[in-house]
Amino acid sequence: MLDFGENGLTGTVPQNLASFHDLVHLNFYDNSLGNRKVGDLNFLDFLANCTSLKVLALDFNQFDGVLPNSIANLSSRLRWLGLGGNIIRGGIPNGNGNLVNLTDLELHGNYLSGPLPNALGKLQQLWVLYLNNNKFSGSIPSSLGNLTKLIKLFMDENKFEGSIPLSLGNCQDLLELNLSSNNLNGTIPKQAIGLSSLSIYLVMSHNSLTGTLPFEVGYLKNLWKLDLSENRLSGEIPASLGSCTSLVSLHLEGNSFEGAIPPSLKTLRGLDEIDLSRNNLSRQIPEFFSKFLSLKHLNLSHNDLFGKVPSEGIFLNGLVLLCFFITCCNVKKWRKRPLAASSLKNRRLACISYAELSGSTNGFSVDNLIGSGSFGSVYKGVLSSNGAVIAVKVLNLQQRGGSKSFVNECNFLRSLRHRNLLMVITACSSVDHQRNDFKSLVFQFMSNGSLDQWLHPIEDEQHQCKRLSFIQRLNIAMDVAYALQYIHLHFQKPIVLCDLKPSNVLLNEDMVAHVGDYGLAKFVIDASHNPSKNQSMSDFSIALKGSIEYIPPGLFSTNNSIQAKV
Ligand SMILES: Nc1ncnc2c1ncn2[C@@H]1O[C@H](COP(=O)(O)OP(=O)(O)OP(=O)(O)O)[C@@H](O)[C@H]1O
């Protein structure tokens, strides 16, 4: 293994590397290699001698010129080929299809052009294909549908034209698909929009796609972000969109959608941004938008909406970006309301006071106490401003680390939005009646308590019915897995929770599981984006702060044997 990643190396890749026949891993990621001249990549000819090579990372250098045909002679064991962020021109040689064991091909951020070779479809082990930010043209080959193991396909910011191949529907493991900013036209194939595996994002914005949004969009139950903006889509927004209950971000702006905003969208309570602007939508603004507690950005401008503007939630909140340019006299009246009064109200909502929290929890009465954990106590409450039922976690500031945990939780939770993660509504940092420091986090209330209470029910009359069916158990396991998938894959730096255990899995009225308690969560150095950094166990040593029975055995560095409860 030779790893020179993230240095300031200049010049060319030395030829004598060819003598290392057993070289498995060669990493020059993020250096300044290359002369910015044609022929910079000729060294790939002699790397053919390294017949054991599995990882070749040349991303983020200054290699100019075309990809030589000799790329086809690289080791057939090659799994990772990274050439992104260079100045590579020309097309992808057909012989690329010989690299049949590639799992990761990263060519993004170059000047590659011309049509994609059909032979790309031979790379059937690919998980990750980054072709974005190049100058590729021509149609998207339907042979990409052979890449059935793909989890990430990025083709955005190119000049692809023609229609989206139906065969993409074969890529049933896809988590992320980005086809934005191309010249694609034709209708969106139901096979592609209905890929239920898509759970991070689906972006097809800034193309010339026509026709209606297929009903099959409703299969995207785990999708986090849907962006079909700036196309020529028409017809009504399908009611099935309401089934995409994991959505956090919905962008349909700059199309020709018409009719009403479907009432079924009321289920999309996790949305924090909605942009339906510049369409032909008509009828009333649905009242339910005011109940979306995490909504921060709502743009309904340039439509034909009319009627009364709801008066709660985001419609009151001065901290959010609320864009309305709607043709209606009631709306105009609303716009004339004095700003000062509404923004004052909003400040109170956004940053809740001690008095308000105390009022909502009956003065933090024992009757409202749900339970206590290592960092404080949790109380049930009802917000007087909008009637929302909440769970207030009051931090025990005497407890060492309590205050730090508060800062961690606030900052961390703000950046997270997922159907299966416990949502933080607001926070309070103040002083109590005795002028002691008071810090608390306000969460969605989970009326069915924690998974722990269901797995280990207290056998009294009140709790007798707490038994989980097999299907409920399965659903909970999947919900937890989706939450973990989101935090592990969605962020550039993966996040580990450190303390996943049944008491931190909370169930709402529909028994949908929400993973909570992020006080111990940490960001972990991402090795996946940079093969020069191998994650070592020491990177995870922070995890030892979690509950001891639930720490993965591999992270437990003492000689004591431990029993994992999970
Ligand atoms: N949003 C919520 N809705 C309903 N109940 C909640 C909510 N958040 C926490 N609880 C319950 O409150 C109790 C205390 O929770 P807390 O997260 O403070 O501690 P814990 O997870 O039990 O323990 P530890 O902090 O040591 O991990 C638990 O019984 C938990 O199920």
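**Strands, ligand and salt bridges**

Reader: In which strand does Leu369 lie?
Author: This is a predicted model: local features need pLDDT of at least 70, side-chain atom pairs count only at pLDDT 80 or more, and totals for chains, interfaces and linings use all residues. Residues are numbered from 1 along each chain as its sequence is written, and side-chain values use heavy atoms, without hydrogens and water. Strands (E, at least two residues) and helices (H or I, at least four) are DSSP runs, numbered from the N terminus. Leu369 belongs to strand S26.

Reader: Is Leu369 buried, partly exposed or exposed?
Author: Buried means under 20% relative accessible area, exposed over 50%, partly exposed in between (1.4 Å probe, protein chains only). Leu369 has 34% relative accessibility, so Leu369 counts as partly exposed.

Reader: How far apart in space are Leu369 and Tyr379, C-alpha to C-alpha?
Author: In sequence, 10 residues separate Leu369 and Tyr379. In space, their C-alpha atoms are separated by 4.4 Å.

Reader: Which element gives the largest share of the shell around the ligand?
Author: A residue is near a molecule or strand if one of its heavy atoms lies within 4 Å of it. Strands S26 (369-373), S27 (376-382), S28 (389-395) and S30 (437-444) each supply at least two shell residues. The largest share is 4 residues, and it comes from S26.

Reader: How many residues of the shell around the ligand are charged?
Author: Ala, Val, Leu, Ile, Met, Phe, Trp, Tyr, Cys and Pro count as nonpolar, Asp, Glu, Lys and Arg as charged, and the others, Gly among them, as polar. The shell has 8 nonpolar residues and 10 polar ones, and the charged residues number 4.

Reader: Which residue has a side-chain N or O atom 2.7 Å from an oxygen atom of the ligand?
Author: Among the 22 residues around the ligand, Ser374, Gln444, Met446, Lys501 and Asn504 come nearest. A backbone N or O atom of Gln444 is 2.9 Å from a nitrogen atom of the ligand. The 2.7 Å distance, to a ligand oxygen atom, belongs to the side chain of Asn504.

Reader: How much of the area that the ligand exposes alone does the protein bury?
Author: A side-chain N or O atom of Lys393 lies 3.5 Å from an oxygen atom of the ligand. Taken alone, the ligand exposes 610 Å², and the share buried by the protein is 89%.

Reader: How many salt bridges are there?
Author: Side chains of opposite charge can pair when their charged atoms come close. A salt bridge is a side-chain nitrogen of Lys or Arg within 4 Å of a carboxyl oxygen of Asp or Glu. By this rule, the count is 5.

Reader: How many residues apart in sequence are the parts tied together by Arg269 and Glu509?
Author: Their side chains meet in a salt bridge (4.0 Å, N to O). Arg269 lies in the loop between strand S20 (256-259) and S21, and Glu509 in the loop between strand S32 (505-507) and strand S33 (513-515), so the pair ties together parts whose separation in residues is 240.

Note on methods. A polar contact is a pair of N or O atoms within 3.5 Å; within protein, one must be able to donate a hydrogen and the other to accept it, and residues adjacent in sequence count only if both atoms are side-chain atoms. Accessible areas come from the Shrake-Rupley method with a 1.4 Å probe; for residues, only the protein chains shown count as cover.
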